[in-house]
Amino acid sequence: MFTWSRPINVTRSRIAQLAPPLERHVRAARSALQRVARWLLHLWRSSLQLRVIVSTMLLGLIVVLMLGSYLYQRIADGLVNDRIITARAEATSQTLAAQSRFDSAGRMDAVSLTQLAFDVVGQLSSPGADRSREVILTRAKNNTGPASVPTVLSGDVGLPSVPAGLRTAIAADPTHQQVQLILISSVDGATVPAAIVGSRVTLPAAGQYELYFVFPLDREQQTLRVVARTFSLGAIALVLLLGGVAYVVTRIVVDPVRRAALVAERLSSGLLHERMGAHGEDDIARLGKAFNAMADSLQEQIRQLEDLSRVQQRFVSDVSHELRTPLTTIRMAGDLIHDSRHDFDPSVARSAELLHNEIDRFESLLSDLLEISRFDAGAAVLDVEATDLRNTIVRTIESTAALAARRGSRLEVIPTDRPCVAEIDPRRVERILRNLVANAIEYGEGRPVTVQLGVNAKAVAVSVCDSGVGLRAGEAAMVFNRFWRADPARARTTGGTGLGLAISREDARLHGGWLHAWGEPGVGSCFRLTLPRHTGTVIESSPLPLRLPKERSAPSPASESTSSPVAISGVAES
Ligand code: ADP
């Protein structure tokens, strides 16, 4: 048969094959990243210790960064300020020395004056090649006389390095020294900060000149670099140390908490003898002692409850057993009276019938009580054999047909061709189904009762639905309680004990199955039994829905007459 799904799949896979390798790599990398992110998120959520360590390290890092940058700034400011103070002092003394050289020279021609300027600048600049100071001598901005002496430089730092603002400041206030920070390029081409100090000098015949001293701050910069490196290493060490301390501290606290969680888990799984180790006097030891005291008290209470429950179970079982013998005698006497009721006058005959019915009810109540006490004592065992549930249903229908006929209900089975074989205890399953069908007849108000069978890979299910009185909200959960009845005053015609559904649920549980109920007042009820096909299998879903079959939920004359179910035992509906 032609389907669209194959060509589409083929096309998709071919496109995937043709996709460029880069795209595939990117997709693989993205999914790997997502996996790692999910793993990290899981780790973060599940480990208190990790959260404490990471938070401590982050907070530590923030504090260390703030403190470190503040200290670094203060040290840098201090170093630069110190250097500016010494630069000013040096520049003052050197300017005075230069001025006195020019003053003592007297009047001379332009060539000699230029020569003198070169000599003075050469002397003022630092001796040797350490470049701790450079000098620039240049004509003042407002000196309009003949330029007899050119700009003289002691080294590589030229006039363009002098900021225009500094020159304007000197022109505006020639009697005071002016200082600024600038950037110059060092011998190796790197940029170095420098302090430039400028003041006025007067050259004989040439007039006002500006004398600048440039002090490179490379040593200070080097010192700051060492400080920054030391701070960074210190910060890393401190943050790691904080992480280590947080790890040790959280281990001390988290370990006992983890142990407590483990012990609590084991306790809740039924190992009531589990206890925490509680040594010493500290808070953890107190936690351990309080935990152990709680576990002791719980264990004691559970033991007392178990004892009480055992006594009660024993009592119920003993009473039921004890009542059996007198009941057998009463039964024989009752049967004798019942058989000879035709010889009595009518009122005595009626009493004989009532006695007979009540003895029946008493007998079934006793056997139900005995059965339930067997469940309570854990003595109920399965007698498993592979059974086709279709046969079990046929037997159930046969055994309830008389009751259905009496109540005017039609029993319908929705047929299935598939064999519904499961490993079950047929006696118990038949008892469950008989109870469900009998209830559906009794509470079905004479309307049809539908039995449906379903099967899937893991489970088989039987649903029994009626369109009778139904169940009110919340009653679907209560019907399985012992002796619970929706209407305690309701006339009992079939001799129900009030234990039927409680026993059915225990039987279903013994199989590892489910028994569910659904109902709506005036619409009807549906009971669904789901059992695993193989003993020990865990069932995940039921093959049947928990609701009335479609033709029941919306009854119409047409659907009544052409209903698909097969009527196994039919009588005229009232
Ligand atoms: P019993 O039928 O002997 O009273 P069960 O345990 O079988 O005891 O049922 C408990 C109660 O659940 C019933 O009394 C009745 O109120 C309610 N119930 C059971 N089956 C149905 C049903 N098909 N429709 C409505 N109510 C029901």
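**Entry 1. Helix α12.** I began with what lies over the buried residues of α12, and I found that the cover includes α8 (346-376), α10, β11 (514-520) and β12. I note at the outset that this is a predicted model. The helix α12 covers residues 500-510. Its buried residues are Leu501, Ala502, Ile503, Ser504, Glu506, Asp507 and Ala508. I then looked just past the end of the helix, where glycine 512 takes a positive phi of about 80°.

**Entry 2. The disulfide.** How many disulfides does the structure hold? I found one. Cysteine 465 and cysteine 526 form this disulfide, and their sulfur atoms lie 2.3 Å apart. Cysteine 465 belongs to strand β10, while cysteine 526 belongs to strand β12 (residues 524-532). The two cysteines are 61 residues apart, and the pair thus links distant parts of the chain. I recalled that a disulfide is a covalent bond between the sulfur atoms of two cysteines.

Is cysteine 465 buried or exposed? I read a relative accessible area of 1% for cysteine 465, so this residue counts as buried, the cut-off being under 20%. For cysteine 526 the value is 0%, and this residue is buried as well. I also looked up cysteine 420, which is buried with a relative accessible area of 0%.

Entry 3. With strand β5 (residues 207-216), β1 pairs in the antiparallel sense over six bridges. In this pairing, glutamate 134 stands opposite valine 214 of β5. With strand β2 (residues 152-153), β1 also pairs in the antiparallel sense, here over two bridges. I noted that isoleucine 136 has leucine 153 of β2 as its bridge partner.

Entry 4. Strand β3 takes in residues 178-185 and strand β4 residues 191-203. The two pair in the antiparallel sense, and eight bridges join them. Leucine 181 faces alanine 195 of β4 across this pairing. Five residues lie between the strands of the hairpin, and I found that glycine 189 has a positive phi near 90°.

**Entry 5. The cavity.** I counted one cavity of 30 Å³ or more. Which residues line the largest cavity? I listed Ile393, Thr396, Ile397, Leu433, Val437, Val451, Val462 and Val464. The elements that give two or more residues to this lining are α9 (389-407), α10 (426-443) and β10 (459-466). Helix α9 provides the largest share, three residues. Sorted by class, the lining has seven nonpolar residues, one polar residue and no charged residues.

**Entry 6. The second largest pocket.** I recorded about 290 Å³ of space in the second largest pocket. There are 17 residues in its lining, and the closest to the centre are Val64, Gly68, Phe231, Ser232 and Ala235. Helices α3 (48-105) and α6 (218-268) each supply at least two of the lining residues. Which element gives the largest share of this lining? I found that α6 does, with nine residues. By class, I noted 12 nonpolar and five polar residues in the lining, with no charged ones.

Note on methods:
Residues numbered from 1 in each chain as written. Predicted model: local features only at pLDDT ≥ 70, side-chain atom pairs only at ≥ 80, totals over all residues. Heavy atoms only, no water. Pairing = 2+ DSSP bridges. Helix = DSSP H or I, 4+ residues; strand = E, 2+ residues; numbered from the N terminus. 1 Å grid on protein atoms, 1.4 Å probe; cavity = no way out; pocket = protein on both sides within 12 Å on 5 of 7 lines; lining within 4 Å. Points joined across faces, edges and corners; volume = space filled by probe spheres on them. Nonpolar A, V, L, I, M, F, W, Y, C, P; charged D, E, K, R; others polar. Disulfide = S-S within 2.5 Å. Buried < 20%, exposed > 50% of the residue type's maximum accessible area, 1.4 Å probe, protein only. Contact = heavy atoms within 4.5 Å.
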